[in-house]
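Please read this briefing with the sequence and the 3D view side by side, and look up each residue as it is named.

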Amino acid sequence: MSNVGKIVMINGPVVKAENMKSFSMREMVMVGEKKLIGEIISINEDLATIQVYEETAGLKAGEPIYSTNKPLSVKLGPGIIGNIFDGIERPLLDIYEKSGNYIPEGIGLTSIDLHKKWKVKINVTVGQELRSGEIFGEVQETTAVKHKLMIPPDKRGKVIFAEKDGEYDLEHVLLILDDGSNKHEIKMYQEWPVRVPRPVARRNPISKPLVTGQRVIDTFFPLAKGGTAAIPGGFGTGKTSAQHQLAKWSDADIIIYVGCGERGNEMTEVLEDFPKLKDPRNGEPLMNRTVLIANTSNMPVAAREASIYTGITIAEYYRDMGYNIAIMADSTSRWAEALREISGRLEEMPAEEGYPAYLPSRLGQFYERAGDVKTLSGEEGSITIIGAVSPPGGDFSEPVTQNTKRVVGTFLALDRALAYSRHYPAINWIYSYSGYVDDLKEWYRENVSHHMMELREKMLGILGEESKLMEIVKLVGEDILPDDQRLILEISKVLKIGYLQQNSFHELDANVSLKKQYNMLRVIDRLYEKAFAAVKKGAPISIVKDEKLFYDIISMKYNVAEGDEEAFERYLKQIDDYFDPLISRYDKGAIRHEDKVS
């Protein structure tokens with residue numbers, strides 16, 4: 001074993017030790033007699049600073065620091081999917097079975113079960129040349145996920161030994177590779193440092209949406225596979241609910257949910273609900289393609305800082321198999337608060353609102369690990385990062401929100417007024433935006449409709465116009481507006497209540513296909529065009545706004561099943577049957593002015 005250091009100072013999760021010349025920057029170490037997990041974050045000659053990922057109560061000056069000769073790493077192999085980990089990939093259910101309600105100090109870096117046996121199919125033979133990242137076998141990890149066994153990115157060579165198909169544990173040597181100078185034993189799992197992105201062959205341009213089944217997102221502010229998104233909002237605006245909806249309904253192959261510094265009761269809800277949720281694809285438990293990382297606000301603050309790196313490293317591992325991954329980070333504000341606390345204990349010069357000066361670069365490093373890629377094995381995979389942001393008091397001008405906004409492609413701003421009026425998802429259509437619209441236009445044209453994006457622009461224009469008109473209405477009332485502008489207000493109500501508002505508890509409304517979204521938008525557009533034509537011919541708004549017709553259009557989201565194209569044709573006919581005679585009556589002065597007034 002390497003030289004042993006000695007603790008000279010303890011300040012919460014930050015420990016300083018001497019006799020550390022032989023240790024390396026970012027090396028994982030064992031701290032004290034209990035061998036707490038820590039990571040070296042600075043070295044100054046003989047003195048090193050360590051952040052400890054466990055509770056340091058009871059630690060004493062003079063206790064030893066032991067080297068591990070490797071950086072903070074996670075074990076990647078079968079057994080991850082369906083599991084619940086803490087911020088440094090220790091399985092919480094296993095720890096609970098062994099130790100009860102509390103994680104004991106010094107339990108070590110336990111991880112996936114290395115002794116559980118899996119049924120392995122080997123796809124290579126002796127004599128084959130294998131390159132880094134190449135798939136050599138597979139394991140059916142869950143009913144939803146086929147785990148592809150890969151050569152680690154830093155290994156390659158000729159197969160000089162290959163095990164037969166059979167049941168093996170993770171420590172069993174399945175292959176031996178000879179690269180000419182060294183022989184490498186290949187097991188079912190690999191280790192990877194969490195702060196180092198896994199290599200890929202190529203990054204692809206964004207071209208496909210992450211379909212979420214949520215109309216306000218898919219139609220107005222689309223997410224992209226391989227893209228990044230932020231969901232900022234104050235307390236009670238529905239950040240966690242929005243991420244739950246995305247986790248349940250998005251068309252990602254695997255979901256990784258990182259509860260980063262959230263309240264314990266909120267995380268308990270996730271841990272209780274997710275195992276009960278049914279996967280809409282196959283009716284089986286959603287946990288069969290989900291990984292949960294729980295690091296609540298009362299857990300060690302340094303582990304919170306590491307938790308999102310643990311999550312993204314697991315995501316990259318499954319991406320390398322050719323899967324599309326969606327990672328939910330809830331919330332990056334709590335992660336930034338962990339950075340701020342550790343930075344304060346390190347006595348670093350604070351920047352804006354006490355956050356460290358490197359906050360923007362750390363956020364950038366995290367979000368940059370998203371992407372649509374060609375993997376080393378030639379597969380196509382992607383990671384989409386969706387981070388919740390919790391600005392204090394709902395103030396979007398604070399540093400975490402502003403710096404996140406600079407690096408993400410989609411910004412889904414949650415609105416407290418909408419949430420308190422029970423309008424969910426409470427995404428404000430004025431302040432939100434998606435930078436992926438141009439990248440995805442061609443996909444929408446080919447897979448949904450040539451007119452989808454045109455209708456989107458038109459409806460956003462109506463909502464923007466309504467926002468301006470409401471400023472006038474607040475001052476002088478609606479009656480002062482001409483009928484064409486009053487029609488904008490009425491159509492906006494249809495859009496907001498009938499389209500943007502979505503009921504996650506309704507069977508037909510919780511998840512909506514893109515085709516149905518387009519058809520709903522087409523009906524609302526026909527209503528607007530026909531009503532506008534009637535107003536231009538002189539029909540008063542009181543007649544144009546037929547209560548039954550408008551109510552039927554608003555309610556169509558609850559009344560049309562998926563794939564029922566004829567229902568939308570009936571709505572279009574209903575609109576035409578009402579407005580065509582009305583337009584004819586008012587056309588070419590067919591009705592005298594006094595008739596209009598009466």
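This is a predicted model: local features need pLDDT of at least 70, side-chain atom pairs count only at pLDDT 80 or more; totals for chains, interfaces and linings use all residues.

Residues are numbered from 1 along each chain as its sequence is written, and side-chain values use heavy atoms, with hydrogens and water left out.

- T219 sits in helix α2, which covers residues 215-220; helices (H or I, at least four residues) and strands (E, at least two) are DSSP runs, numbered from the N terminus.
- With a relative accessible area of 0%, T219 is buried, a word that here stands for under 20% relative accessible area, while exposed stands for over 50% and partly exposed for values in between (1.4 Å probe, protein chains only).
- The side chain of T219 makes polar contacts with the side chain of Y499 at 2.7 Å and with the side chain of Q517 at 2.8 Å; a polar contact is a pair of N or O atoms within 3.5 Å, where within protein one must be able to donate a hydrogen and the other to accept it, and residues adjacent in sequence count only if both atoms are side-chain atoms.
- Leaving aside residues up to four places away in sequence, T219 touches M452, M453, R456, Y499, Q517 and L521, where contact means heavy atoms within 4.5 Å.

**N288 in a loop**

- N288 is found in the loop between α4 (264-273) and β21 (290-295), and its side chain makes a polar contact with the side chain of T143 at 3.0 Å.
- Again not counting residues up to four places away in sequence, N288 touches I81, T142, T143, A144 and V145.

**Salt bridges**

- The whole structure holds 43 salt bridges, each defined as a side-chain nitrogen of Lys or Arg within 4 Å of a carboxyl oxygen of Asp or Glu.
- One of them joins the side chains of E316 and R369 (2.9 Å, N to O), and this pair links distant parts of the chain, since E316 is in helix α5 (residues 301-319) and R369 is in the loop between α7 (359-367) and β23 (371-374), 53 residues apart.
- An α-helix has 3.6 residues a turn, so residues three or four places apart point the same way.
- E341 counts as partly exposed at 35% relative accessibility, and R345 is partly exposed at 28%.

**Helix α16**

- Helix α16 (residues 565-586) has 22 residues and reaches 32 Å from its first C-alpha to its last, close to the 32 Å expected at 1.5 Å a residue, where the expected span is 1.5 Å times one less than the number of residues.
- The buried residues of α16 include A567, F568, Y571 and L572.

- I472 lies in helix α11 (residues 452-476) and counts as partly exposed at 37% relative accessibility.
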